[in-house]
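Hi there,

Here is the structure I promised to pass on to you. Have a look at it first, and then read on for what turned up.

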Amino acid sequence: MTLVMKFGGTSVGTGAAIRETAELILNARDEHGQVVVIASAMGSKPVKVTDLLLNGATTAVEGDSKTYLQISEQLRQIHFQAIGELIQDEQERQSVERDIGAFIERYVDLCQAVWVLGELTPRALDTIGGMGEQMSVRIVAGYLRQLGHQAEAIDATELIITDDTFQAASPLFAQTEAAARARLDPLLAQGTIPIVTGFIGATSSGITTTLGRGGSDFSAAILGQVLQADEVWIWTDVDGVMTADPRLVADARSIPTLSYLEVSELAYYGAKVLHPKSIRPCVENGIPLRIKNTFNPNHQGTVIVPDNGNGHSGIKAVTSINHLSLVTVEGKGMIGVPGIAARTFGAVAKEKVSVLLISQASSEQSICFATSNELAKGVIGSLENEFASELERRDIDRIWSFDDVSIVTIVGAGMRGTPGIAGRIFSALGSENLNIIAIAQGSSECSISLVVDEENAKEAVALVHGLITDNR
Ligand code: ADP
Ligand code: MG
């Protein structure tokens with residue numbers, strides 16, 4: 001049996017966490033046979049290595065030649081402290097320290113180049129932003145070796161071949177399968193545990209790309225697919241997927257099973273516990289996905305399965321996304337004019353902006369959609385261009401945005417067959433005079449999304465969370 005296991009930032013965030021992680025890796029190998037490990041950059045909250053790396057680069061491009069030097073010291077301190085705690089073997093320690101030291105020097109060189117050139121391309125951001133994983137895997141592998149096991153740190157640039165959309169690259173599965181099998185199969189056959197960098201890949205010409213923030217989950221799913229893994233396990237710092245973000249709702253509870261569809265909606269609408277893209281390779285190949293807690297490994301966590309026909313008939317979880325704007329195109333003359341929606345989203349697509357939610361008044365007098373606050377202005381400009389003549393003729397009265405709103409999404413496949421759920425949600429919010437600005441139902445019918453003022457989002461989440469009864 002082959003298991004792909006991914007460890008998030010906190011799971012490798014300190015020497016102590018890496019000890020836990022190593023134990024879980026070794027247990028899994030003993031129980032299940034072959035294990036491929038994916039690790040994120042060190043990220044003991046609130047200090048995340050990837051944020052530090054990127055912060056140095058973005059300050060450098062603004063002409064600041066000091067911050068990245070300070071950051072390089074901080075990076076050295078974080079990594080060397082973990083190495084000191086974990087690796088006593090003199091030779092092993094020196095070799096890992098040399099590797100990490102070389103990455104930090106390269107980081108300084110790259111930031112200096114950014115500072116001199118005054119230019120920071122997406123390509124450079126990927127090279128710089130991916131270095132955290134390259135460092136963490138070397139420490140984890142070094143520690144496993146010091147414990148007497150065969151382990152090898154591997155840069156996913158050797159395994160995951162992507163297109164060249166820097167910052168949000170997509171994997172090329174056929175090439176990835178060939179590269180990953182050629183590199184990993186022999187290691188697995190000889191009993192070596194591969195410790196692979198999350199988050200990064202490379203173009204077919206070898207230039208580093210990244211899969212987007214949270215992309216280590218995606219790395220695990222990609223390798224799960226191409227290696228035909230029996231299961232993919234995501235190890236994090238909470239007991240699986242919960243009924244709400246535990247940072248927002250104190251009594252959030254772990255959910256034992258969720259369907260792919262349910263967890264996709266949750267991930268897409270903000271539940272940070274899983275990268276939305278990581279679900280697809282698992283769905284398409286029927287690979288069970290488990291989410292477990294590194295710091296509470298005996299808890300069963302959450303298992304994601306093709307369909308959970310377990311009869312749960314209500315709301316399973318609620319999630320939210322903040323810092324959004326609701327852009328609205330409205331006008332009485334829009335009724336019956338063909339192609340307004342197509343032109344609206346065409347103009348949005350031209351800006352390369354992604355839209356989170358769409359809602360249309362039944363009278364067709366308005367179309368609205370949610371996008372991030374920062375992008376709304378540009379989108380409105382592009383819509384005003386597109387509809388210049390309609391605006392002049394007053395077929396469209398105005399294009400505007402409602403800023404600082406949040407989407408609150410309520411998820412549960414069983415909601416479909418249960419009458420009155422929407423009514424219960426609205427009366428819960430209504431009882432606290434909480435205004436709902438717009439509503440949309442997911443096409444899968446296993447989610448309902450509400451747009452509310454950002455100020456009310458936390459309360460809305462708590463109110464809806466109060467409606468969740470048993471969750472199986
Ligand atoms: P990792 O570094 O392991 O990938 P993340 O920070 O990306 O960890 O994801 C785990 C975090 O996701 C949790 O600590 C929790 O704060 C947050 N989170 C948000 N929504 C949920 C939810 N519905 N269930 C569980 N965790 C959630
Ligand atoms: Mg994550």
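To start with the strands: how many bridges join E11 to strand E13 (residues 366-372)? There are seven, and the two strands run antiparallel. Please keep in mind that this is a predicted model. One pair you can look up is Ser325, whose bridge partner in E13 is Thr371.

Strand E11 (residues 317-330) also pairs with E14 (residues 398-411), again in the antiparallel sense, over eleven bridges. Here Val329 has Ile399 of E14 as its bridge partner. E11 is mostly covered, with eleven of its 14 residues buried.

Now for the charged side chains. Side chains of opposite charge can pair when their charged atoms come close. The whole structure holds 20 salt bridges, and these are some to find on your screen:

- Arg183 and Glu158 meet with N and O 2.6 Å apart. This pair links distant parts of the chain, 25 residues apart: Arg183 sits in helix H7 (residues 173-189), and Glu158 in the loop between strand E3 (151-154) and H7.
- Arg138 pairs with Asp99, with 4.0 Å between the closest N and O atoms. Arg138 belongs to helix H6 (residues 131-146) and Asp99 to helix H4 (residues 90-117). Arg138 counts as buried because its relative accessibility is 14%, under the 20% cut-off.
- Arg393 and Asp395 form a salt bridge at 2.8 Å, N to O. Arg393 is exposed at 52% relative accessibility, while Asp395 is partly exposed at 22%.

Finally, Arg343, Lys350, Glu386 and Glu390 are joined into one network by salt bridges that share partners.

Enjoy exploring!

Terms used: Residues are numbered from 1 along each chain as its sequence is written. Chains are lettered from A and ligands numbered from 1 in the order in which they are written. This is a predicted model: local features need pLDDT of at least 70, side-chain atom pairs count only at pLDDT 80 or more; totals for chains, interfaces and linings use all residues. Side-chain values use heavy atoms; hydrogens and water are left out. Buried means under 20% relative accessible area, exposed over 50%, partly exposed in between (1.4 Å probe, protein chains only). Helices (H or I, at least four residues) and strands (E, at least two) are DSSP runs, numbered from the N terminus. Two strands pair if DSSP finds at least two bridges between them. A salt bridge is a side-chain nitrogen of Lys or Arg within 4 Å of a carboxyl oxygen of Asp or Glu.
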